[in-house]
Amino acid sequence: MPVYAYQCKNCGHAFEEHQSFSDAPLKTCPSCGEDQLRKKFGNVGVVFIGSGFYSNDK
């Protein structure tokens with residue numbers, strides 16, 4: 001199950017939540033109770049290992 005990071009626009013509370021791909025995004029902040037949650041997106045690291053992958057491939 002993937003881990004999603006959330007942050008509240010109202011109070012700034014940040015936390016991570018284990019959710020399935022099919023689960024709806026959370027809306028209500030567990031700290032202040034306002035519907036001001038925003039899902040945070042980070043960088044995704046991809047590493048290609050093995051033969052057939054070159055640094056100049058797109």
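## Basis and strand content

Two strands are taken to pair if DSSP finds at least two bridges between them. Strands (E, at least two residues) and helices (H or I, at least four) are DSSP runs, numbered from the N terminus. The model is predicted: local features need pLDDT of at least 70, side-chain atom pairs count only at pLDDT 80 or more, and totals for chains, interfaces and linings use all residues. Residues are numbered from 1 along each chain as its sequence is written, and side-chain values use heavy atoms, with hydrogens and water left out.

The protein chain contains 0 helices and 3 strands, in the order β-β-β from the N terminus. Of the 58 residues, 12% are buried, where buried means under 20% relative accessible area, exposed over 50%, and partly exposed in between (1.4 Å probe, protein chains only). A contact means heavy atoms within 4.5 Å. Among contacts between residues at least 6 apart in sequence, 28% join residues at least 24 apart.

## Strand pairing

Strand β1 runs antiparallel to strand β2 (residues 14-18), and 5 bridges join them. Val3 stands opposite His18 in β2. The two strands form a hairpin with 5 residues between them, and Gly12 in the turn has a positive phi of about 85 degrees.

β1 also pairs with strand β3 (residues 37-40), again in the antiparallel sense, over 4 bridges. Here the bridge partner of Ala5 is Lys40 in β3.

## Nonpolar core

A nonpolar core is a set of buried Ala, Val, Leu, Ile, Met, Phe, Trp, Tyr and Cys residues joined through side-chain atoms within 4.5 Å. The largest one has 6 residues: Tyr4, Tyr6, Cys8, Phe15, Cys29 and Leu37. Strand β1 (residues 3-8) gives the largest share, 3 residues.

Beyond residues up to four places away in sequence, Leu37 touches Tyr6, Gln7, Cys8, Phe15, Leu26, Lys27, Thr28 and Cys29.

## Cysteines

How many disulfides does a search of the whole structure find? The count is 0, a disulfide being a pair of cysteine sulfur atoms within 2.5 Å. Cys8 is in no disulfide, and the nearest cysteine sulfur, that of Cys32, is 3.8 Å away. Cys8 is buried, with a relative accessible area of 4%.

Cys29 is also buried, at 2% relative accessibility. The closest cysteine sulfur to that of Cys29 belongs to Cys11 and is 3.8 Å away, too far for a bond.

Is Gln19 buried or exposed? Gln19 counts as buried, at 6% relative accessibility, and sits in the loop between β2 and β3. A polar atom of the Gln19 side chain lies 3.2 Å from the backbone oxygen of Ala24. Leaving out residues up to four places away in sequence, Gln19 touches Met1, Pro2, Tyr4, Tyr6, Ala24 and Leu26.

Glu16, in strand β2, is exposed, with a relative accessible area of 60%. Its contacts beyond four places in sequence are Val3, Tyr4 and Ala5. Glu16 and Tyr4 are 12 residues apart in sequence, with a C-alpha to C-alpha distance of 5.5 Å.

Methods: A polar contact is a pair of N or O atoms within 3.5 Å; within protein, one must be able to donate a hydrogen and the other to accept it, and residues adjacent in sequence count only if both atoms are side-chain atoms.
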